[in-house]
Amino acid sequence: MYELKFNIEKCLDCPSQACLTKCQYMNIDSKTAKNEIIKIAQGEDSFVLHNCVTCYACEEYCPMGNHPFYLIVERQEALDCAPVPRPLIKRAIKLGIPFRGEPEIKPIDGPALNMGAFSELMPLIQGKLFENIPVISTDARKMFHYFCQLMYLHYAKSSVIKERLPGIINTIARHKPTQLICFHDECYGTYASYCPAVGIDVPFEPVHFYEFLFERLMELKALIKPMNLKVAYQRPCSSRLSPDKHLFVNRIFELIGVEIVKRTYSDENALCCAGTIQGQRVEGSRKRARELQRKNIEDMKKAGAQICVFNCPACFQTLGRIVSENGIKPIHMSDLCRLAIGEKPTGWR
Ligand code: SF4
Ligand code: SF4
């Protein structure tokens, strides 16, 4: 059985309790934070377990690498206090089951780009940036064989992740990738953060999509024409599992000549898209989600953003239309990079 490595001693010696004092969705002072995280570590109930909106950010806030968010999720499951209604959990668990036979496995023996559960988004990986990179999980009927399963952190179901993930890793490993470029941040977080945290072996090197994009842009530097646009970036929850890769956002923007606007809700203070909040079982959660989205978009507008850049397809689905109704054009990062090298992404006008 895979067990989360969480060290309560680190919390007892912790000078900051940043995991909970920095939480943007609860107002917690440092004395309360220390009491609550220790209670949670000891297996006791806490108001934190009931009020957490599963934004993942405390994984980034903890300066000791102690995995407070993974701990919260394990306790929510053990104490049966999932943040979303049971029918939604049941439906979500069924959604991620690998089905429709085995995928076709072609050994690659080199770097491969993994679309995970986003096979239908192949239009986002077209053009020169992606030339000569073998892609796996291209068939939407088989994509759940490559689904990293980490989404179940939002459903208090660590047990489902631990049960299915070794099989998913085995399917990917049969392609023999030396490096696995993860199209989705969440897949990268799974292999680079969650697996080591619970002791699941990963027999390939995960590569963050933005690191890959940055390196490809460097190779194609001669084609880049500075875009002179003002952009806001919508940071996804799963990026909190790889804060060391967040710097590639600014590196890419600098390279393609766009200006990231200065705003309140960016980087460590980023607000999540609120997609999971609107489905939570706490009364008033829809209203709360709308209010957070309004604050976030007002902040982009006030800062003068013309474009909102997305990493996560789920954030795009949740916020894209609202952003657009507010006069800001939504775009996926890979499409923005394609525009910078003179290509026209699918559907771009
Ligand atoms: S989880 Fe991290 S930030 Fe929170 S109290 Fe423990 S060591 Fe400190
Ligand atoms: S996951 Fe987000 S909402 Fe939950 S405790 Fe951590 S920082 Fe707060």
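I call a residue buried if 20 or more other C-beta atoms lie within 10 Å of its own, exposed if 12 or fewer, and partly exposed in between, with C-beta atoms placed from the backbone.

This is a predicted model, where local features need pLDDT of at least 70 and side-chain atom pairs count only at pLDDT 80 or more, while totals for chains, interfaces and linings use all residues. I number residues from 1 along each chain as its sequence is written, with chains lettered from A and ligands numbered from 1 in the order written.

Ile172. I looked it up in helix 8 (residues 158-173); helices are DSSP runs of H or I, at least four residues, numbered from the N terminus. Ile172 counts as buried because it has 25 C-beta neighbours inside 10 Å. Leaving out residues up to four places away in sequence, I found Ile172 touching Asn114, Ile136, Tyr146, Pro177, Leu180 and Phe204 (contact: backbone-placed C-beta atoms within 7 Å). From Ile172 to Pro330, 158 residues along the chain, the C-alpha separation is 32 Å.

Domains. I noted domain 1 (8-78), domain 2 (110-213) and domain 3 (218-340), with bounds from an automatic or database assignment. The C-alpha centres of domains 1 and 3 lie 26 Å apart. Between them, 8 residues of domain 1 contact 11 of domain 3.

Ligand 1. I listed the residues around it, among them Lys10, Cys11, Cys14, Cys19 and Cys62 (near: backbone-placed C-beta within 6 Å of the molecule). Helix 1 (8-12) and helix 2 (18-21) each give two or more residues to this shell.

Technical notes:
Two residues are in contact if their C-beta atoms, placed from the backbone, lie within 7 Å.
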